[in-house]
Amino acid sequence: VRNDGKFTNSPSMVKGDGVAFTRNGMGFQQKIVELFSSDAFKKNPLLVRLVAATNRQVEEWNLGIRAALFGPDAPAYMKGDVLMGYAGFGEADHNGVTQIANGVDYIVQDPGTTMTRTILGTPVQVAHMTVQDVFGGPKRVIPVILPTNSEETFQRLAQGLQILLDRAKKDRSQWRAFYEFKDLWVFPRNLMSPDGSGRALISKTIDYGYAHTIHKSQGGTYTY
């Protein structure tokens with residue numbers, strides 16, 4: 001198309017292979033959900049992903065697909081949930097693989113038990129969740145701050161982290177406390193600076209992975 005080629009929206013599906021087009025949003029979502037809930041997906045977690053143009057669209061599709069799979073009132077994480085790594089977490093093993101790697105998909109094997117921990121002076125709901133990458137790697141237990149914590153909780157965490165940063169700027173020996181905190185937990189969202197600048201103090205480690213941006217999906221080898 002970029003080289004003056006012709007674009008067509010005519011379907012070219014042959015025995016499940018090719019390209020299909022639809023204007024039926026509900027029908028499209030139903031098909032996506034059918035694929036994610038199929039026995040074929042359980043056998044091959046690289047069967048399908050949805051690719052969207054913007055981060056907001058990705059978030060909306062992730063929440064919509066997940067609600068269809070597990071119900072609108074499902075806990076933060078369920079066995080079988082699809083996650084995407086957005087940042088590295090944990091020390092690398094002898095093969096150089098970290099617990100969470102940027103750009104890698106994971107399947108929740110055990111969501112763990114929800115617990116309350118005091119972090120930076122704030123009560124926070126957390127869990128030790130077991131995940132496995134879609135390539136069949138070893139199962140790994142990760143300490144995750146649950147996305148179902150209130151907005152106030154995340155704001156108080158950000159305020160506590162900002163205090164650590166301010167101390168570190170005055171006393172370089174305090175940087176260790178900041179990085180120890182950063183390396184202790186898996187974050188499901190960006191922890192934003194309380195100064196309103198829109199700056200992320202800590203970037204999210206994981207998010208739901210049913211849908212990706214076009215950028216994030218580069219290198220992915222999915223069937224659909």
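In strand β3, aspartate 105 is the bridge partner of methionine 84, where strands are DSSP runs of E with at least two residues, helices are runs of H or I with at least four, and both are numbered from the N terminus. The model is a predicted one, in which local features need pLDDT of at least 70 and side-chain atom pairs count only at pLDDT 80 or more, while totals for chains, interfaces and linings use all residues. Residues are numbered from 1 along each chain as its sequence is written, and side-chain values use heavy atoms, with hydrogens and water left out.

Strand β2 and strand β3 (residues 105-110) pair in the antiparallel sense over three bridges, with valine 82 standing opposite isoleucine 107 in β3. β2 also pairs with β9, again antiparallel and over three bridges, and here glycine 85 faces isoleucine 206 in β9. β3 in turn pairs with β5 in the antiparallel sense over four bridges; valine 108 has valine 131 in β5 as its bridge partner.

In the protein chain as a whole, the secondary structure comes to five helices and 10 strands, and 37% of the 224 residues count as buried. The C-alpha atoms fill a box of roughly 65 × 40 × 40 Å along the principal axes. With contact taken as heavy atoms within 4.5 Å, residues 24 or more positions apart account for 54% of the contacts with a separation of 6 or more. The accessible surface is about 13600 Å², of which 50% belongs to carbon and sulfur atoms; these areas come from the Shrake-Rupley method with a 1.4 Å probe, and for residues only the protein chains shown count as cover.

In soluble globular proteins, nonpolar side chains tend to be buried together. A nonpolar core is defined here as a set of buried Ala, Val, Leu, Ile, Met, Phe, Trp, Tyr and Cys residues joined through side-chain atoms within 4.5 Å. The largest such core has 33 residues, of which Phe36, Tyr77, Leu83, Met129, Val131, Val144 and Ile206 touch the most other members. At least two residues of this core come from each of α1 (25-36), β1 (50-52), α3, β2, β3, β5 (122-133), β6 (140-145) and β9. A second, separate core of 17 residues includes Ile145, Leu165, Phe187 and Leu191. Tyrosine 77 lies in the loop between α3 (55-70) and β2 (82-85) and tyrosine 208 in strand β9 (residues 206-208), so the pair ties together parts that are 131 residues apart in sequence. Both tyrosine 77 and tyrosine 208 are buried. Phenylalanine 181 and phenylalanine 187, by contrast, form an edge-to-face pair, because their planes stand at 65°, with the centres 5.9 Å apart. Phenylalanine 181 is buried at a relative accessible area of 7%, and phenylalanine 187 is buried at 1%. Phe36, Phe41 and Tyr210 form one aromatic cluster.

Two charged side chains also meet rings, under the criterion that NZ of Lys or CZ of Arg is within 6 Å of the ring centre and within 35 degrees of the ring normal. The charged end of arginine 189 sits over the ring of phenylalanine 154, 4.3 Å from its centre, and lysine 204 lies over the face of tyrosine 86, 4.2 Å from the ring centre.

Arginine 140, in strand β6, counts as buried at 15% relative accessibility. Among its contacts beyond four places in sequence are Asp93, Gln99 and Thr130.

Terms used:
Buried means under 20% relative accessible area, exposed over 50%, partly exposed in between (1.4 Å probe, protein chains only). Rings of Phe, Tyr and Trp (its six-membered ring) pair if their centres lie within 6.5 Å; planes under 30 degrees apart count as stacked, over 60 as edge-to-face and the rest as tilted. Two strands pair if DSSP finds at least two bridges between them.
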